[in-house]
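Please look over the sequence and the structure first, and then follow the points below.

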Amino acid sequence: MPRAVDAKRLKALTSLLKAHPEGLWVRELARQTGLSKSSVSRYLGRDLRGEVEISHMGRNKCCRLRQA
């Protein structure tokens, strides 16, 4: 059974991405929010899928909000 979405965590991720329009690495998002990298990836892929662009650079992912 999937976990419920935590609105507070989603808001924290969205706020960080808004503050850094050039994008942030998943590991930096994890460090600044106190979440694990896998949790950040799950939130980005499942709950913010249509709102973020994810660039893969090797095993690393850089994320930024989509431009309107």
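Which element gives the most to the lining of the largest pocket? The model shown here is a predicted one, and in this model it is α3 that gives the most to that lining, with three residues.

**The largest pocket**
- The largest pocket has a volume of about 150 Å³, and its lining is made up of W25, V26, R27, K37, S38, S41, R59, N60 and K61.
- Two or more residues of this lining come from each of the elements α2 (26-33), α3 (37-47) and β3 (60-65).
- Sorted by class, the lining of the largest pocket holds four charged residues, three polar ones and two nonpolar ones.

**Helix α3**
- The buried residues of α3 are S39, V40, Y43 and L44, and because they cover an arc of only 135° around the axis, they lie on the same side of α3.
- K37 and S38, by contrast, are exposed on the other side of this helix, and both of these residues also belong to the lining of the largest pocket.

**Helix α2**
- V26, L29 and A30 are the residues named as buried in α2; they cover an arc of only 100° around the axis, which means that they are placed on the same side of α2.
- Among the elements that cover the buried residues of α2 are α1, β1, α3 and β3.
- Just after α2 comes G34, a residue that takes a positive phi of about 80°.

**The sheet**
- Three strands form an open sheet in the order β1-β3-β2, and their pairing is antiparallel.
- Because β1 (24-25) and β2 stand at the edges, each with a single partner strand, one side of each is left without a neighbour in the sheet.
- As background, the strands of a sheet pair through backbone hydrogen bonds, in either a parallel or an antiparallel manner.
- The antiparallel strands β2 and β3 are joined by six bridges; V52 has L65 in β3 as its bridge partner, while M57 stands opposite N60 in β3.
- In the hairpin that β2 and β3 make, two residues lie between the strands, and G58 takes a positive phi near 70° there.

**Residue R64**
- R64 is found in strand β3, and with a relative accessible area of 37% it counts as partly exposed, because that label covers values in between the buried cut-off of under 20% and the exposed cut-off of over 50%.
- Although R64 and E53 are 11 residues apart along the chain, their C-alpha atoms are separated by 5.4 Å.
- When residues up to four places away in sequence are not counted, R64 touches L17, P21, E22, G23, E51, V52 and E53.

Methods:
Residues are numbered from 1 along each chain as its sequence is written. This is a predicted model: local features need pLDDT of at least 70, side-chain atom pairs count only at pLDDT 80 or more; totals for chains, interfaces and linings use all residues. Side-chain values use heavy atoms; hydrogens and water are left out. On a 1 Å grid over the protein atoms alone, a cavity is a set of points where a 1.4 Å probe fits but cannot get out, and a pocket is an open set with protein on both sides within 12 Å along at least five of seven lines; lining residues have an atom within 4 Å of a point. Grid points are joined across faces, edges and corners, and a volume is the space filled by probe spheres set on the points. Helices (H or I, at least four residues) and strands (E, at least two) are DSSP runs, numbered from the N terminus. Ala, Val, Leu, Ile, Met, Phe, Trp, Tyr, Cys and Pro count as nonpolar, Asp, Glu, Lys and Arg as charged, and the others, Gly among them, as polar. Buried means under 20% relative accessible area, exposed over 50%, partly exposed in between (1.4 Å probe, protein chains only). The arc is that of the directions from the helix axis to the C-beta atoms. Two strands pair if DSSP finds at least two bridges between them. Contact means heavy atoms within 4.5 Å.
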